[in-house]
Amino acid sequence: MNLFENVGKFSRFLVLVFSKPEKGKTLFSQIIREIDKLGINSIGIVVIISLFMGAVITLQTAYNMLNPLLPDYLVGYTTRESMLLEFSSTIVGLILAGKVGSNIASEIGSMRVTEQIDALEIMGINSANHLVLPKIIAAIFINPFLYILSVFVGITGGLLAGYLTGTVNLADYIDGIQYAFIPYYITYSLIKTAVFAFIITAIPSFYGYYVKGGALEVGRASTKAVVNSSILILLANVILTQILLK
Amino acid sequence: MITVSNVNKSFADLKVLNDISINFEAGKTNLIIGQSGSGKTVLLKSIIGLHEVDSGSIFYNNRDFTSMNLKGRKEIRKEMGMVFQGGALFDSMSVEENVLFPLDMFSDMSEKEKKDRANFCLNRVNIQNSNHLFPAEISGGMQKRVAIARAIALNPKYLFCDEPNSGLDPVTAILIDNLILEITKEYNMTTIINTHDMNSVMEIGEKIIFISKGNKVWEGSKDEIFDTDNKDLNDFVFASELYKKIKKIS
């Protein structure tokens, strides 16, 4: 029952969010601000995590492929496919759900409990549209760039780890990352990234927007937002993979 | 003028407002007083449409606010200014940006005109040289004054204040009260103030409505408040030692 109630409430929330904005100029400047806040400020964590994940994937693949029948370029190939298909879209999505999601839920939740959202409503402004739409647009725009950056950094991390530890031959690795490349995988992952960007922003905004109470409830909403958006990302991942790679 | 007619409001089984009818007069400070939990805030939030009433009507100069669609309400809301209990200034904006916000959203002024208007409003509430500061960097009294400046930026017809001097020292509280009174007269606004502060009642109360347990129990002027026979109102007015002494003297 609670699930159905929440789905209904979320649908009504989305109708409010996707209504016509009050002023196009204001929306544009808000989108730019959100791109900076949600995207540019996440570059650091995306680079660090992608670098180390790429390195670990390379080392683990190299240490588990001692069979001489397996070609050496397979290490680079595996790293590229892991980053391209799953890590840079899904895992980075999950990490951003934690970082960006908790930030959004607590920001909007605090605005609710300190009556800032009521202040917007009193002015005749659709507060859901004003606060949430710029975040969704900004994330859908900037997250694909973060995905591309993550793929690039991950593959570079793998190359560095393999080369510095002597486990992978540089030429083999470069061969591997070019081997049997399917460009459609990028399209598939970009679609996933855009859907995850929507989940990462819309779900925490929903939990923040309907907070009732004080600081404790804002904290709870933030936790719920991260947990539920992470579950939805994983669910969406299965569904999109079935639809797009069938 | 704002007219509240036979308004009822419940939350689940709890009846919070019981058949309330009030006329709030234009150009006057109308004070809603009552104990905590008496229904003052719910009444104020119902008047401004943050709560939907269960039955009854609310009229803004004969325009029925309760039966209006969102578009109609939006138009009336542009004529409202609201000072919330905690100020409700936008944390992410500076003092000046807070006052500029309604002008940016709803006026066709040029950038210079908007800036001039924001500075005029800030000067009106005696805020100078603090335009670049953020709400967290200014005192509670200043936050309330910035909230008033933001509320009057678009020349509203109706001003609503929820406990405007709560949490302030007596001197600042009187300053805020007098500022609201002056602005009400200056712009001929219909001002509704929620308070449980008897000092505010004596300082700026022109029309006073006493709410108890969700019922309108009494209405009158501040001169009549001391002569009332109503027990609930007497208990409320003379709760403090100071007012008990004043009663004895008078």
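How many helices and how many strands are there in chain A? Select chain A and you will find nine helices and zero strands. Helices here are DSSP runs of H or I with at least four residues, strands are runs of E with at least two, and both are numbered from the N terminus.

**Before you go further**

What you have open is a predicted model, in which local features need pLDDT of at least 70, side-chain atom pairs count only at pLDDT 80 or more, and totals for chains, interfaces and linings use all residues. Residues are numbered from 1 along each chain as its sequence is written, while chains are lettered from A and ligands numbered from 1 in the order in which they are written. The model scores ipTM 0.85 and pTM 0.88.

**Stop 1: chain A**

Keep chain A selected and follow it from the N terminus: the elements run α-α-α-α-α-α-α-α-α. Its C-alpha trace spans about 70 × 40 × 35 Å along the principal axes.

Select 184-204 of chain A: the span is 100% helix and 0% strand, with its end C-alpha atoms 31 Å apart. Then move to 225-245 of chain A, which is 95% helix and 0% strand, with 29 Å between the end C-alpha atoms.

**Stop 2**

Now select residues 2-238 of chain B, which the unreviewed UniProt entry annotates as "domain: ABC transporter". This stretch is 37% helix and 26% strand, and its end C-alpha atoms are 30 Å apart.

Within chain B, look for an open sheet of four strands in the order 2-1-4-5, with antiparallel pairing. Strands count as paired if DSSP finds at least two bridges between them. At the edges are strand 2 (14-24) and strand 5 (63-64) of chain B, each pairing on one side only.

Zoom in on strand 1 (residues 2-11) of chain B, which is joined to the antiparallel strand 2 by seven bridges. The two strands form a hairpin with two residues between them, and Ala12(B) in the turn has a positive phi of about 55°.

Then go to strand 4 (residues 55-60) of chain B, which has two bridges to strand 5, running antiparallel. Here Phe59(B) has Asp64(B) of strand 5 as its bridge partner.

**Stop 3: where the chains meet**

Show both chains together. Here 14 residues of chain B are in contact with 13 residues of chain A, a contact being two residues whose C-beta atoms, placed from the backbone, lie within 7 Å. On the chain B side, helix 2 (70-77), strand 6 (80-83) and helix 3 (95-106) each give two or more residues. Helix 3 of chain B provides the largest share, three residues.

**Last stop: confidence**

The mean for chain B is 88, and 96% of its residues reach 70 or more. Where is confidence lowest and where is it highest in chain B? Helix 9 (residues 241-249) of chain B is lowest, at a mean of 69, and strand 4 of chain B is highest, at 94.

Definitions and conventions. UniProt positions are given in the numbering used here, feature names are shortened, and annotations may be inferred rather than shown by experiment. pLDDT is the predictor's confidence in each residue, from 0 to 100.
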